[in-house]
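Let's take a look at a protein model together. Have the sequence and the 3D view ready as you read.

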Amino acid sequence: MPAETNNRDEETSPQQFVVLRRSPALALHSVVTDMCGYRETAGGHYRQVEYAPLAMPLVINFEAPFAIALGRAPNEDDRYDSFAAGLYAGPVLIDSFGHCCCLQVNFTLAGARRFFRMPLSELTDRMVPLDDVLGSEGRALREMLGNEPDWGRRFDLVEAFITCRLATAPIQGPQVAWAVEQVLRSGGQARIGAIASELDWSRRHLADRFRDATGMTPKTLARMVRFNRALELSRRGDDNWAGIAVDCGYADQAHLAREFRDFAGTTPSTLSA
């Protein structure tokens, strides 16, 4: 499996799994955050937990399905093969059992809206099968990637597919793109009322446009962005929770703790540990 050292990192565990990561081509940087190849090499039960993620994944599966549930542990009825997923304001629990192999593309919010060509509210809190979001094009992509054994070629093929699909995709209006960017760049601290006033939109119209563009209301998206920033700071080794609360725009440390319970289902200190 050849590696491209300038844009791919390989993490291996001979007893568990292989992960290959690749940054997108420069032309796709505003559309795709990263791509990942994942293959399990040994039997067992593996659990991953993602906490209110802000990227929107497209998962193209080649072997056994994952078991995925929102806000709880998955069961036998929660099996998903190839799918797209929208935003979820809480923990996502993912189980696998030693036989999974997939390619995952993580889209930015703006990129997901263009690529999937549907209101992102249709993906919110859901894992939607590949056929339902990409139709026959998705089936052909899955078959093409499954028949290609080389991961480098797989990444090249999926990049080409995304580029081709974007070429004929409608572009969202600049107003809503600007509004979403204000929330993201401010770390979730931009005043929603000020954004609506700047656009001369009502709060209701702004909320409707946000649901279409992101799947969430401005307030919920802002809360998710603040939470993700606080989580990132804690994972950098910062355990000054009072300081993190101030930096991320929370009223106080108790407010931060409530948000962590909502989005992660646990306390800040437990999660960082």
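## Helix H1 and its covered side

Which residues of H1 are buried? They are Leu109, Gly111, Ala112, Arg113, Phe115 and Phe116, where buried means under 20% relative accessible area with a 1.4 Å probe, protein chains only. That's six of the eight residues in H1, a helix that is mostly covered. Helices here are DSSP runs of H or I with at least four residues, numbered from the N terminus. Just after H1, Arg117 has a positive phi of about 55°.

This is a predicted model, where local features need pLDDT of at least 70, side-chain atom pairs count only at pLDDT 80 or more, and totals for chains, interfaces and linings use all residues. Residues are numbered from 1 along each chain as its sequence is written, and side-chain values use heavy atoms, leaving out hydrogens and water.

## Zooming in on Arg113

Arg113 sits in H1, which covers residues 109-116. Its relative accessible area is 14%, so Arg113 counts as buried. Not counting residues up to four places away in sequence, Arg113 touches Met118, Pro119, Leu120, Gln172, Asp212 and Ala213 (contact means heavy atoms within 4.5 Å). A polar atom of the Arg113 side chain lies 3.3 Å from the backbone oxygen of Met118.

## Where H4 meets H7

Now for H4 (residues 174-185) and H7 (residues 218-235): their axes come within 9 Å and cross at roughly 30°. That angle is why H4 is roughly parallel to H7 (the cut-off is under 35 degrees). Val180, Val183 and Leu184 of H4 make the contact with Leu221, Ala222 and Val225 of H7.

Terms used
Axes fitted to C-alpha atoms, helices over the stretch in contact; angles between N-to-C directions. Helix = DSSP H or I, 4+ residues; strand = E, 2+ residues; numbered from the N terminus. Parallel < 35°, antiparallel > 145°, perpendicular 65-115°, else oblique. Buried < 20%, exposed > 50% of the residue type's maximum accessible area, 1.4 Å probe, protein only. Polar contact = N/O pair within 3.5 Å; in protein donor to acceptor, adjacent residues only side chain to side chain.
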